[in-house]
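Here's a quick tour of a protein chain, made for someone new to reading structures.

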Amino acid sequence: MKKRNISFSSTALVAVVAVFMTLGAAGAAAAESLKIGFVNAARVSSEAPQAEEARRKLESEFAGRDQELVAMQREARQLEERLARDADVMSESEQRELERQLVSRQREIRRVQDEFREDFSMRRNEELGKLQRRIVEAIHELAKEEGFDLIVSDGVIFASDQVDITNKVIERLGTGESGSRR
């Protein structure tokens, strides 16, 4: 007999254990009254109005630096074109100087690109963290208000429309019922 390795995410495992514990402890009568919900976290994260707001905020925050980087790349291309076009008519020292300028410009571009990526990544993670906290708040409030015993998310293989409360969470985030809108 072959052993199969089955892996569950910790969230899914906790949810499954909680359901079985509830069913085992309370019996079949409790199972009929158990209210379970499912939230598609990826969909909430992409469709919540706060997600679009965060994207716009990041775009405007980094637009200037992006334009600066594009201008630097354009200048480097112009240096490359000048070197390719005029190399035959330049003195050797002029050619070496232009090559040094080009290498220096390319090095500077790489440095600026790396800083841009790091800064953008940090800010994106900050905004994502805020969004995730707001989503969890909305789910908790919805669970309390509507009397859910269990709400599961990641690691679910199937959830019927009857237990899927994703739209309700997105609506709650859109109306600003969960926490303050920033």
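Two residues are in contact when they have heavy atoms within 4.5 Å of each other. Go by that, and 81% of the contacts in the protein chain between residues at least 6 apart in sequence join residues at least 24 apart. Keep in mind that this is a predicted model: local features need pLDDT of at least 70 and side-chain atom pairs count only at pLDDT 80 or more, while totals for chains, interfaces and linings use all residues. Residues are numbered from 1 along each chain as its sequence is written, and side-chain values use heavy atoms, with hydrogens and water left out.

**The overall layout**
- The protein chain has five helices and two strands (DSSP runs numbered from the N terminus: H or I of at least four residues for helices, E of at least two for strands).
- Reading from the N terminus, the order is α-β-α-α-α-β-α.
- Of the 182 residues, 26% are buried (buried is under 20% relative accessible area, exposed is over 50%, and partly exposed is in between, using a 1.4 Å probe and protein chains only).

**The nonpolar cores**
- A nonpolar core is a set of buried Ala, Val, Leu, Ile, Met, Phe, Trp, Tyr and Cys residues joined through side-chain atoms within 4.5 Å.
- The largest one has 15 residues, and those with the most contacts inside it include Val39, Val44 and Ile135.
- Not counting residues up to four places away in sequence, Val44 touches Val39, Ile135, Thr166, Val169, Ile170 and Leu173.

- Thr166, Val169, Ile170, Arg172 and Leu173 are the buried residues to look for in α5.
- They sit on the same side of α5 because they cover an arc of only 160 degrees around the axis (the arc of the directions from the helix axis to the C-beta atoms).

**A serine in a loop**
- Ser153 lies in the loop between β2 (150–152) and α5.
- Why is Ser153 counted as buried? Its relative accessibility is 18%.
- Leaving aside neighbours within four places in sequence, Ser153 is in contact with Phe38, Val39 and Ala41.
- A polar atom of the Ser153 side chain lies 3.0 Å from the backbone oxygen of Val39.

Definitions and conventions. A polar contact is a pair of N or O atoms within 3.5 Å; within protein, one must be able to donate a hydrogen and the other to accept it, and residues adjacent in sequence count only if both atoms are side-chain atoms.
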